[in-house]
Amino acid sequence: MRSIEVFKRHLREKRAIKIISGIDNYNLDSVKKVVSAAQMGLASAVDVACDKEVFEVAAKNTTLPIFVSSIHPFKLAEAVKWGADAIEIGNFDALYKKGETFSADEVYEIALETMSLVEGKNIFICVTIPGNIDIKEQIELAKNFELLGVDLIQTEGMKPQGIKTVGAKALLETAQATIGNTLELSRHVSIPVMSASGISAQTTPLAFAAGASAVGVGSAVNKLDTQIEMVATIRNIVASVAYRNSINKEIARNHKELELFAK
């Protein structure tokens, strides 16, 4: 049985991993592969497009909590009726590629309308902070969402304009912006922050080190050809978090031993 409480616990433990199928991915076979891989890869949650058929396929193929993403308040309210475990305003990455951009005011209004429509439904709400706006605006928007009672904010990064790198270097440049935004936002709000855009097994530990409580992984998984590759990639991401946690525990243990020795 799905439970958002598991995801919340992973948030508190700063190890939550959400696998993103895609806000514009309506290919049912693709969605099935991604959510099944997330289940087998030991992720914390999945994120799918706000479409009833897509949601039903996801629900049949994973017991993980399901986030449903959209920029349309009434569609998100419908997703709550379908049984979504969480609703998310975002992810915007796929929409940027279509030439769409979002201002702080636009995202705030979408969030406000969505929250009014689902008031009293006790639904977990995540909002993506647009990566195309200035960091000062991002911080102000995050503070406003904290006042609204949003449960989680998601950061994203945008590749610097004018730079035409591709492949691994392009992903690292995007991840660098994402992690930088995570670092800034986590310093200014107390609600959990999730890093997304350009996140991979290699950059996941950096996101958590910057203050993230969760990471959202999309293209590093959903663009792969086979489910075996997807599962292996997700397990690598999970392992990178487990390794980081074990190192942190060892550091804390050594620090405690030094304190006792000093006494």
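Tutor: Let's start at cysteine 126, which is buried, with a relative accessible area of 0%. Here, buried means under 20% relative accessible area, exposed means over 50%, and partly exposed is in between, using a 1.4 Å probe and protein chains only. One thing to keep in mind: this is a predicted model, in which local features need pLDDT of at least 70 and side-chain atom pairs count only at pLDDT 80 or more, while totals for chains, interfaces and linings use all residues. Residues are numbered from 1 along each chain as its sequence is written, and side-chain values use heavy atoms, with hydrogens and water left out.

With five of its five residues buried, β5 is largely enclosed by the rest of the structure. The strand names come from DSSP: strands are E runs of at least two residues, helices are H or I runs of at least four, and the numbering goes from the N terminus.

What sits beside β5? On one side, β4 and β5 pair in the parallel sense over four bridges, and isoleucine 125 is the bridge partner of isoleucine 87. On the β6 side, the pairing with β5 is parallel too, over three bridges; there, threonine 128 stands opposite glutamine 154. Two strands count as paired if DSSP finds at least two bridges between them.

Now zoom out. Eight strands close into a barrel in the order β1-β2-β3-β4-β5-β6-β7-β8, with parallel pairing. From one strand to the next, the twist averages 25°.

Helix α1 (residues 4-12) lies across a whole list of strands, including β1, β4, β5 (124-128) and β8 (214-217), and runs at about 55° to β5. For that angle, axes are lines fitted to C-alpha atoms (for helices, over the stretch in contact), and angles run from 0 to 180 degrees between N-to-C directions.

Next, helix α4 (residues 73-82), whose buried residues are Pro73, Leu76, Ala77, Ala79 and Val80. Looking down the axis of α4, these fall within an arc of 150°, so they line one face of the helix. The arc is that of the directions from the helix axis to the C-beta atoms. The cover over this buried face includes β3 (66-70), β4 (86-89) and α6 (104-117); contact here means heavy atoms within 4.5 Å. On the other side of α4, Phe74 and Lys81 are exposed. After α4 comes glycine 83, with a positive phi near 115°.

A salt bridge is a side-chain nitrogen of Lys or Arg within 4 Å of a carboxyl oxygen of Asp or Glu. Lysine 81 counts as exposed at 66% relative accessibility, and glutamate 78 as partly exposed at 35%. Both lie in α4, three residues apart, about one turn of the helix. An α-helix has 3.6 residues a turn, so residues three or four places apart point the same way.

Arginine 187 is exposed, at 58%, while glutamate 184 is partly exposed, at 27%.

The whole structure holds seven salt bridges. One of them joins the side chains of glutamate 13 and arginine 15, at 2.5 Å from N to O. Both residues are partly exposed, glutamate 13 at 37% and arginine 15 at 28%. Along with Arg9, Glu13 and Arg15 are linked in a network of salt bridges.
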